[in-house]
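User: I am new to this structure and would like to know what the terms used for it rest on. Please go through a few of them with me.

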There are 2 protein chains.
Amino acid sequence: MYFSSWLSQLYRGFSRPIGRTTQPIWVPLSRNLMLGSQRKMPEFSSFVARTNTCGELRPSHLGQEVTLCGWIQYRRQNIFLVLRDCHGLVQVVIPQDESAASVKKVLCEAPLESVVRISGTVISRPPGQENPKMPTGAIEIKVKTAELLNSCRKLPFEIKDFVKKTEALRLQYRYLDLRSAQMQHNLRLRSQMVMRMREYLCNLHGFVDVETPTLFKRTPGGAKEFLVPSREPGKFYSLPQSPQQFKQLLMIGGLDRYFQVARCYRDEGSRPDRQPEFTQTGIQSLTEGLLQYAWPGDRDPVVTPFPSMPFAEALATYGTDKPDTRFGMKITDISDVFRNTKSEFLQDSLSKPQGTVKAICVREGAKYLKRKDIKSIRKCATDHFNQEVLPVFLKANSNWNAPVAKFIEEEHGLELTRMMELQEDDVLLLTAGEHAKACSLLGKLRLECADLLEGRGVVLRDPTQFSFLWVVDFPLFFPKEDNPKELESAHHPFTAPHPSDGHLIYTEPEKVRSQHYDLVLNGHEIGGGSIRIHDAELQRYILSTVLKEDVTLLSHLLQALDYGAPPHGGIALGLDRLMCLVTGAPSIRDVIAFPKSFRGRDLMSSAPDSVPPEELKPYHIQVSWPTDSEAEKGSLNHSLHPES
Amino acid sequence: MYFSSWLSQLYRGFSRPIGRTTQPIWVPLSRNLMLGSQRKMPEFSSFVARTNTCGELRPSHLGQEVTLCGWIQYRRQNIFLVLRDCHGLVQVVIPQDESAASVKKVLCEAPLESVVRISGTVISRPPGQENPKMPTGAIEIKVKTAELLNSCRKLPFEIKDFVKKTEALRLQYRYLDLRSAQMQHNLRLRSQMVMRMREYLCNLHGFVDVETPTLFKRTPGGAKEFLVPSREPGKFYSLPQSPQQFKQLLMIGGLDRYFQVARCYRDEGSRPDRQPEFTQTGIQSLTEGLLQYAWPGDRDPVVTPFPSMPFAEALATYGTDKPDTRFGMKITDISDVFRNTKSEFLQDSLSKPQGTVKAICVREGAKYLKRKDIKSIRKCATDHFNQEVLPVFLKANSNWNAPVAKFIEEEHGLELTRMMELQEDDVLLLTAGEHAKACSLLGKLRLECADLLEGRGVVLRDPTQFSFLWVVDFPLFFPKEDNPKELESAHHPFTAPHPSDGHLIYTEPEKVRSQHYDLVLNGHEIGGGSIRIHDAELQRYILSTVLKEDVTLLSHLLQALDYGAPPHGGIALGLDRLMCLVTGAPSIRDVIAFPKSFRGRDLMSSAPDSVPPEELKPYHIQVSWPTDSEAEKGSLNHSLHPES
């Protein structure tokens, strides 16, 4: 019955490049952005002084008198000028006759990127001068009047996508960077996709959009929340790291089918959320329908339902909770092959608890991987996992070329070849150790190898392919890293236990699976959610007995659960990451209008900024200036500042 | 061409009751909320375990097997039970036969407000037992199975609209208060209207929805902005009081047609924004179309265009910049009548600069206004304006009954009667003084009198009538109150001067009108906007020479204006206030899910809250505890904390 789903805007701080940027030249955004074929075209020139946008003009407009507004993109020999608006480019012919001297003067003297308004007639370009690469390339404008609306001074960089600028310069002059075709496309596509999601939720499925507060009480474990001093001495608000509590309170308040495009203030991911059996499926179907409905019309349609994989399988096969299922190179457990090996190292590993020998196979690796690649792979293993990885090359003569080779008896070699379908020139990367650690290592190396192979021209991951995957059946608790005898929540303490494991909560909580689910796209987590605990007693037991948390900070939520809380759950989608994948942008900063730098600074306005002591007074705070030694330590320890 | 409009969510702190609450009993929200007649009905039971909502069942469902989920609203003699969900109420017949003993037990023992799932058959109520006041009153449910999903403990108040609770209790148990029919209606209508606005802007007119940052640099005059300490010693972010700068930067960045449903962090109104002549009209038409499109389908349609009134006229006629034009009682300048009066008081007032004598006429006031009313009107005048107001009663014999009467010569009395169309039993409220002050006083008394008359049963302001009005041609600057020789912005320093007055900026800036416009509905400002300055030189001149502001805090904006800023403008609508007027809610807290109390506290979670010193450390701040005498002063001086 009741459920909440929401689309949180998650900020992940520093992001590494993902995929390739598809750099569109000026295709008409209006057409490009149409997300459903049957939709009515919006009127882009209603209520304004222009009659048309620059980018929309076609031979069908021939002979029409038009008024256009835009920026001067470039000028050729004082004869042609290209005018740009957010819908594209159009060529304007500068009149050369005496009678139009004033028009010529305006158009020839205005610096590039100045704003002008022109009016004139749409005419055909002379035969042979058409530009088939430009959507408006068959026509040009014969100008009658021109008016300089605002002049532009010398630019710090050219507004052309092919002109490379540093990221710092782009962020400092963000308002100029936003004029690029790529940024225009990304932000407009984002707006359109979010609008489609809203239509799906509100208009098709009766969801209600509720805004929740930004200034709230801090939550347990809220050390990562921003504080906002109030005018009451010593009292602070907190910027909530997610609308986590509010969505539960809305469910308890009977606001069935709530969603929100929310902001999360935190430098980590944030997690978002119903009763048992029947609900997880409902939320998953809803999310699939939502993405299918909102997907850009110019891509392959989203196929539903998405496949689903238990966390344990994801870890064992891909070494991660967010597998990129666009390619194989799966992890194989080859422990049995080495049960009776003479290698002490392998024997030793196998004898430990959860000890395994595992491998991935890089097909034709011997052809593509160079000596330095193998070296860097081994270095990666020792650096990040403090663990050895052994490369095994299968040579043409089917001999094994590896330090471990001497321990592989012929019978076992054949078994290994069969198990992993080994062929000539394949390279095996083998490791031994504790199950989860060995899997994580090989999961990491699998992605490293994919990068290396793609660098050599092998196509493993089709950038036009979108592989969605549900990862389910996560553990509810993990042992704490610093004290493995205590447990902590794998996601958050409000996640409901898996219905089949409910009885274990009181006896073997570490074995309980949760009703948390992650949505993964091409190896990136784009969403996560859970069925929530709606039983106040169970929630209290988990918080105080299992997790040993201080429950006073959550008393309002625990109290609310007592008053007829309906079973509920939901999901949060990370719009930044999703838009990154859809547009192929290298960084989430390319899908956000005014992003912070990865140090949390706004390079345009240089925020955060100093505040004079008298302005701190009403908030009853003063700055504790660090000593020199503290300052030094602090600078190494700079943590990320959330928000987008 | 370019323009930005946005829908800011403004918070006005403490709000006084406006209009009457129309308390709907459980009308089916689904139908009630349909905002356009041609729209497809959303599916409220997709992806969930119920087959139907409680509120939607009608005789057309007779014989259907249904599964419903909801809260137990009440129970009668263990025979009937009323189940509630957010779509309404339905009657459930508790089975009495032996074989259904377990179902009976569940339904009879569960406390009120517990959550249950039932399944059964829709049957007709026995003849004579139908309830025509209840939308589902013709049918009831014959239950087959029942399951208790969550039990409810004893409630702090009953979830019935007619049970009165204090506002503090409502806010403390907000999640229970949200279950009321009124709150459900308000929040769902708000979601629907905002969705319609989005459709109008995005789908019909090609606007782009861009989210702007919440953590930013403080702005000049930002003493009212919340500060957010960063991990850099002494450096602070600020929660922007409006996306004021961002919307301009987006225009400069070529993000033509931007809008946002934004939050403003400030305890005052906030103001929102293009080139000359052709643009103000465009924004006004857009806003009119937007409201017309988004208006609830069950009200009278919004008629466009809205009337427009210059600020000077609004002040002279209604004594305010937000006139309630649903009723007359206009201010009349009667100075000429008293030019040669013998009253020293009046003569004295008229001889001063801008000196006037003005009056409003309360029709049939002698019938309705009691002696104590007149006393309270006079007290209001002296308390708020330190000014005398003289009541003049026009008696049946057409004699004047007032202290000033003796100064009114017959000729002038007739003139006054003619000018103000006076009739028997009318009461004249007369004042003398400086033009603006006299107008403000009478504007205030006009509303006081309307309240008094309506308290006596006279209908002046039809609560179902919506009178929109544009107020335009505001002054660009006002003299500072504490130093009238200096000027300050009437709205904000980015507002463009009126094109006809542009030349006066350098000579007589106090005479320049602005391109600011306010949208007024029934005497409340629901929106405001302006055409912005796009010329960097003019902006610099106004900031530094006219206003004597420190421009360093705005250097990024001034720099941006230099790089081909297009002419632009826009508007911000206050959604809280608008929803208040549409729903007739007495307070904006009734159209916000989790409002703060008027002292800025969250009564549910008791935020703001104390933070232990070790959690302040990463932000390099410490609390400056006030001394006892400061604390005392502070408690009297508690200022409002914005946000919703």
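User: What makes strand 14 and strand 17 of chain A a pair, and do they run parallel or antiparallel?

Analyst: This is a predicted model. Two strands pair if DSSP finds at least two bridges between them. Eight bridges join strand 14 to strand 17 (residues 427-434) of chain A, and the two run antiparallel. Therefore they count as a pair.

User: How many bridges join strand 13 of chain A to strand 14?

Analyst: Two bridges join strand 13 (residues 332-333) to strand 14 of chain A, also in antiparallel direction. The definition asks for at least two, so this is a pair as well. A:Asp333 has A:Lys358 of strand 14 as its bridge partner.

User: Why is strand 14 of chain A called mostly covered?

Analyst: Buried means under 20% relative accessible area. In strand 14 (residues 355-362), eight of the eight residues are buried, so the strand is called mostly covered. A:Gly355, A:Val357, A:Ala359 and A:Cys361 point one way, A:Thr356, A:Lys358, A:Ile360 and A:Val362 the other, and all are buried. For chain A as a whole, buried residues make up 62% of the 644 residues.

User: How do you know which relation holds between chain A and chain B?

Analyst: Chain A is superposed on chain B by a rotation of 180° with 0.0 Å of shift along the axis, at an RMSD of 0.1 Å. That is the relation of a two-fold axis.

User: Why are the copies said to meet through the same surface?

Analyst: Of the interface residues of chain A, 99% are also interface residues in chain B, so the copies meet through the same surface.

Key:
Residues numbered from 1 in each chain as written. Chains lettered and ligands numbered in written order. Predicted model: local features only at pLDDT ≥ 70, side-chain atom pairs only at ≥ 80, totals over all residues. Heavy atoms only, no water. Buried < 20%, exposed > 50% of the residue type's maximum accessible area, 1.4 Å probe, protein only. Helix = DSSP H or I, 4+ residues; strand = E, 2+ residues; numbered from the N terminus. Least-squares fit on C-alpha atoms with pLDDT ≥ 70 in both. Contact = heavy atoms within 4.5 Å.
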